[in-house]
Amino acid sequence: MSGAERETADDAAAPVVPAPWLPRGLADAVAAAGERLARLGVRAGERVVLDTPTRARWAVLPYLLAADRLGAASLLADAGWTGRERDAVLADAAPHHVVGTDGRAATADGGARTPGLFLLPTTSGSTGVPTVLARDRRSWRIGFDILGALPGPVLVPGPPSSTLYLFGALHALHHGLGLVTRGRLDPTDLPDGGSVHLVPAQLSALLDERERRPGGPAPRVVVCGGAHVAPGMRERVARLLPGTTLLEYYGSAEHSLIATRRDDGPLRPVEDVHLTVRDDVLWVDSPQSVHGRFTRGALVPAGPGPTTVGDRAELTDDGGLTVLGRAATTISSGGTLVAAEEVEQVLRGVAGVGDVVVAGTPHASLGMVVTAVVEARDRVPDRRALRAAARAGLSPAKRPRRWLVTRALPRLGSGKPARAAVDAALRDGTLDAVPLGARVTGPGGGTTADTPVVVAARRTPIGTAGGALRTVTVDALAAPVLAALAGTLGGPVDDVLLGNVFGPGGNPARVAALAAGLGDDVPGMTVDRQCASGLAAILTAAAGIRAGDGTGYLAGGAESPSTAPARTWADGTVYTRAPFAPAGDPDPDMGPAADDVADRAGLSRARLDAFAARSHARAVDAQRSGRFGDELVPVGAVLTDERPRDRFTPERLARFRPAFTPGGVHTAANSCGVNDGAAAVALVPEWRRRELGVPGLALVSAATRGCPPADLGLGAVPALAALRDRPRSPDAVEFTEAFAGQALACLDAAGIDEHRVSPDGGAIALGHPWGASGAVLVVRLFHRLVVQGRGETGIAALSSGGGIGVATSWRVVR
């Protein structure tokens, strides 16, 4: 850029993007738009509302730039606004012109002009009515220079009515970069070697797509704003996009760029931005701040000094910033700020609604889901009426996606709903509320009244034998899991069934039930099907439900090699495992058998190491992202899984020596460990689940099959082949990774893509507590599909010692 051009750019009255910097096609479009605006009488200092069809949102960009050249300030209308929201915006902005890119136009008496502005961004205030802000050119030019030039071309995949995407587009033009605009993200549009502006939900979707389909174009820089990027997502970026730099920033419509992060350290304030925290709320003093806001056509100046948007935050002594989320009653969902009170006002008018509290509940990609907890009057409100009211009064991003109904909301002494109590109860699952209009959904049709359904699933952290759980006996491991599940059945516990392989005998399931305080009348049964014991226990409970023997079962497994008694034959010979075959028949140990299976399947050491490294990376990502949080039951001070290893790359795994046979492909790193842990689920018939009004995971089919004991790692192959109603493309597959080669041999034979298996890591990373591992599979499926809402169908399967395989098919019901 020449000195003259820089002087022009620094001139407060100069256009936000000078004409010489525009590509020819856009420059021609700006000139044509300018001619039309001039004919409509648009003048300097006037306010112009720009409308554009949803299908061509970026057609508004030439009009914005043309209005800026005329000295007018533009407000980009959001096509998703309701009539009420649009009326409120226009009343405050008091525009002189309303111009559509489709040829429509209207002129109004906007009152006094406001020179010096170029953009009127909108945001939601505490009442939920969009607030009209006032911004000048210089404030965004500062941000353009702070962010700096990026590799081009630059993809901006979102609506220009969002200041986040508009800033990204104008930043690219300011630096003379190629600009590609889209209404939404399509991974095929990614500029290879260029840059892309995203919000975390889009980044998560991009990474999911990269896991499903490795390869393809990869940007050199991902600029991510709009919400906090979790450490686990940063780890996924490093793993799935190794040549890509993640540039995270924190900002707001009111303050523009506030802080950035280009490494693994904390966010840090950008140049000339000064931050303070008062009563846990962040205050910002920045030259990028807006001039103020419009109310009924009058500009209300922001005033000197720091201002706040209500975000809670922490500042470290060295200036690092941690943003804790929006304070008060505002929910951040998919990059949109939703004022709870606005949603409540719309829903309170529906017949049958006594009161309503709107809150946010965690979601894997949206961050938070808008959740309405409705207090019923004499009858449960009609679900269709509630949704119709939401459609009529709220833009799509503000409408509740989750609906709960309760007979009585928690209340304060003043009689007002206790919002904080509702938030806390939603977080820990104790809110006395059920889904509104619960019904069975999902591929493959409905369920019968006696279909077994998992309505809750929990597990302990998995410890390494001799490690954190080394003093906890098998019954003491299972007891807290059973206690945590007992209250979810909606009735008494009819029986407890637990798998166990290496315990002390004496029916650990009964002992654990007593230790959990379930009562003397709960019998208990311990199941031994080796590694498949936990899954076999669940299937045995399911058979009891179908037979009408009971309506509430707790089933799973537990294993404590750390406390297992030493075993000897009558002659005093110590042994570590029982025979899997009659004397004289082939009965190999599992490690050598896994090497043999891998050799016969033609599997390379490199593929095994890559599979194991992926398992560890996924488990570490899940830990850091908190995806295991809802399923874990602490055991004393032990809160997290002990085994997952960070930075276990294939290159690092390649250094390990064969563990079982000379020249073998299995090592200590691409095989499972010896582990302590427990897992269980709560099972009820479908009719009981409907009475409870909760979502669940219905058992569609199951198959248990055998194969030669010498092929002990391949038992899952005939089991999967025999599985009825197996989904062609399940949303999730959980398979016990006892040994990388054994798991891959089974998956290849069954036609299952290895990349779809164990999306949050498997037994190689988490561990393999033998009697519990089959139950861990179902716990993981339940939380991924039901709790996190990441699909509808799933498979859980494994091979077991002795040449046995068990496979199960599941479907979400709501």
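The model is predicted, so local features need pLDDT of at least 70 and side-chain atom pairs count only at pLDDT 80 or more, while totals for chains, interfaces and linings use all residues. Numbering starts from 1 along each chain as its sequence is written, and side-chain values use heavy atoms, with hydrogens and water left out.

Select residues 330-333 and 336-339, strands β20 and β21, which run antiparallel and are joined by four bridges. Strands are DSSP runs of E, at least two residues, and helices are runs of H or I, at least four, numbered from the N terminus; two strands pair if DSSP finds at least two bridges between them. Ser 333 has Thr 336 as its bridge partner in β21. Now pick Gly 334: in this hairpin, with two residues between the strands, Gly 334 takes a positive phi near 60 degrees.

**Stop two: helix α10.** Select residues 383-393 and colour Leu 386, Ala 389, Ala 390 and Gly 393, which are buried (under 20% relative accessible area, with exposed over 50% and partly exposed in between; 1.4 Å probe, protein chains only). They lie on the same side of α10 because they cover an arc of only 100 degrees around the axis, taken from the directions from the helix axis to the C-beta atoms. Show α4, α9, β22, β23 and β24 too: the buried residues of α10 pack against them (contact means heavy atoms within 4.5 Å). Turned away from the buried side are the exposed Arg 384, Arg 391 and Ala 392.

Select Val 778, which touches residues including Val 454, Ile 538 and Trp 810.

Definitions and conventions
Lists of a residue's contacts leave out its neighbours within four places in sequence.
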